[in-house]
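Here is a short report on one protein structure. Keep the sequence and the 3D view open as you read.

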Amino acid sequence: MDTTTTTPAAPERQLEGWPDWSILVVDDEQGMLNFLVKTLAPRCHFVMSATSAEEGAEWLRGHRVDLVVLDISLPGKSGVEWLKELREQGFTGEVILITAFADLDTAIEALRAGASDFILKPFRVPQILNAIKQCHERALLRRENFVLRRAIAGAPIHRAALVGESPAIRALRASLERVAAVDSTVLLQGESGTGKELVARELHARSARASGPFVPVNCAAVSPELIESELFGHARGAFTGATRARDGLFHYARGGTLFLDEIAELPLPIQATLLRAIEDLKIRPVGSEQLVPVNLRIVAATHRSLSAEVAAGRFRKDLYFRLQVVELTLPPLREHKQDIPALVAHFMAQLAPALGAEPLRISDQEMDFLAQYDWPGNVRELRNLIERSLILGNLNVSALYPGTPAALPEGRPIDLHSLEKMHILSVLESVHGDKTRAAQLLGVSRRTLERRVAEWGQA
């Protein structure tokens, strides 16, 4: 039995994706064994070689490997027989079978035994490297799926996304109950930070499609040149660089919900294509003549007024009416401030364990301060505030608004607009006047931030 250990792969080799793998090569031909070890050792964390299934089994009793490159024709136990035993014993690693003599029956037997790939000798270096890369990708995907399933299994099956008991939130919750029971298209409108994606997920979770996928896409985040392919997919050769066919998000949302966030940002030509897809529930991938049926529900959202966008000629009227089958408007936080204590408690319980921080005790005076603030970034800004406060370990005026006295005189009212102005200007100062970055930190749109700054006569 021969063992080869190597140092970590060089940076350029790390790009191949599997420098940390341990590989066992089993072949009774010394020339092939030397060739594989020489090829793989510089690219992997660890490579070991054996000349028989029995030697390989002895090694695996005390060691773990990610991949076995296994010859079918071995002295004693064949590679296929040993592979069957490995799978029966619970070996979950990847296995590539290699052989100089193969027919269809042999290939079928190998795959049934649990082989990840099957390569015919003689082969070139790129062939074995490509096979190993594919094995690495499959293993990575299985690991990610395992983590995801575990996370889902440990989470509550369903939690109410809408926190609060104000009349506005109660009315929205009642509307969701009614709308979730039908399959109609839903349009969510509301300012940035009001929780439109959260409501869309809640709508999906309460619907008959809850077991299907929820696929969100931010239409503003995808370039106009790519959005059609992103939504509908494309055929091979549809455009320069399309070397293989690709499915779009409509395909991946089958049986579930497709959430089109910031739909007002879609270019007009794509709006026409989207309208036809929604009406027919069929899509045509870019460059394809085939119409593909899809079974899904569309939920769209925007922080803009779509009726105003229609009037300005930036949004198709027919698409607006098609999306507006059910329209729900999410209230800004300033219109249901009585929910702030419940939201604070919700975010505290949600974020403190994730941050490894102790929950904060917020005084009545601090809660009054939160209630006075106008919250231009709505619920998102409140969440960001709680997260920052948990990290800092306190919530007070001096921490939130630099320049505010550390302690206000007892009974002295807080000037809401002055505090808001100081906060926004301090954030702008911290990012050296970058309004786009400041808007992200505040949880508002750049347009909202510019409007506030203009009101104060600031540049």
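The sections below go through a sheet, one of its residues, a pair of strands and some helices.

## The model

This structure is a predicted model.

## A five-stranded sheet

Five strands form an open sheet. Their order is β8-β9-β12-β7-β13, and the pairing is parallel. At the edges stand β8 (214–218) and β13 (326–329). Each has a single partner strand, so one side of each is left without a neighbour in the sheet. From one strand to the next, the twist averages 20°. Strands of a sheet pair through backbone hydrogen bonds, either parallel or antiparallel.

Look at one pair inside this sheet. Strand β9 (residues 257–261) and strand β12 (residues 297–302) run parallel and are joined by four bridges. Helices lie across the sheet strands too. Helix α7 (residues 167–180) lies across β7 (186–189), β12 and β13. Helix α7 runs at about 160° to β13. Helix α8 (residues 196–206) lies across β7, β8, β9 and β12. Its angle to β8 is about 160°.

## Phenylalanine 259

Phenylalanine 259 sits in strand β9. Is phenylalanine 259 buried or exposed? Its relative accessible area is 0%, so phenylalanine 259 is buried. The cut-off for buried is under 20%.

What stands opposite this residue? The bridge partner of phenylalanine 259 in β12 is valine 299. Alanine 301 is 42 residues away along the chain, yet the C-alpha atoms of phenylalanine 259 and alanine 301 are separated by 7.7 Å. Setting aside neighbours within four places in sequence, phenylalanine 259 is in contact with several residues, including Leu188, Lys196, Glu197 and Ala200. Phe214, Val215, Pro216 and Val217 are also among its contacts.

Now turn to strand β2 (residues 22–26) and strand β3 (residues 46–50). They run parallel, and five bridges join them. Serine 22 stands opposite phenylalanine 46 in β3. Leucine 24 has methionine 48 of β3 as its bridge partner.

In a regular strand the side chains alternate between the two faces of the sheet. Both faces of β2 are covered. Ser22, Leu24 and Val26 are buried on one side, and Ile23 and Val25 on the other. Strand β3 has both faces covered as well. There, Phe46, Met48 and Ala50 are buried on one side, with Val47 and Ser49 buried on the other. Five of the five residues of β3 are buried, so this strand is largely enclosed by the rest of the structure.

## Helix α14

Helix α14 has 16 residues, numbered 340–355.

Several α14 residues are buried, among them Ile340, Leu343, Val344 and Phe347. His346 is buried too. What covers the buried residues includes α15 (364–372) and α16 (378–392). After α14 comes glycine 356, whose phi is positive, near 65°.

## A crossing of two helices

Two packed helices are described by the angle between their axes and the distance between the axes. Helix α19 (residues 435–442) and helix α20 (residues 446–455) pack at an angle of about 105°. Their axes are 9 Å apart. Angles of 65 to 115 degrees count as roughly perpendicular, and α19 and α20 are therefore roughly perpendicular to each other.

Which residues make the contact? On α19 they are Lys435, Thr436, Ala438, Ala439 and Leu442. On α20 they are Arg446, Leu449 and Glu450. These residues divide into four nonpolar, one polar and three charged.

Notes. Residues numbered from 1 in each chain as written. Predicted model: local features only at pLDDT ≥ 70, side-chain atom pairs only at ≥ 80, totals over all residues. Heavy atoms only, no water. Helix = DSSP H or I, 4+ residues; strand = E, 2+ residues; numbered from the N terminus. Expected span 1.5 Å × (residues − 1). Buried < 20%, exposed > 50% of the residue type's maximum accessible area, 1.4 Å probe, protein only. Contact = heavy atoms within 4.5 Å. Axes fitted to C-alpha atoms, helices over the stretch in contact; angles between N-to-C directions. Parallel < 35°, antiparallel > 145°, perpendicular 65-115°, else oblique. Nonpolar A, V, L, I, M, F, W, Y, C, P; charged D, E, K, R; others polar. Pairing = 2+ DSSP bridges.
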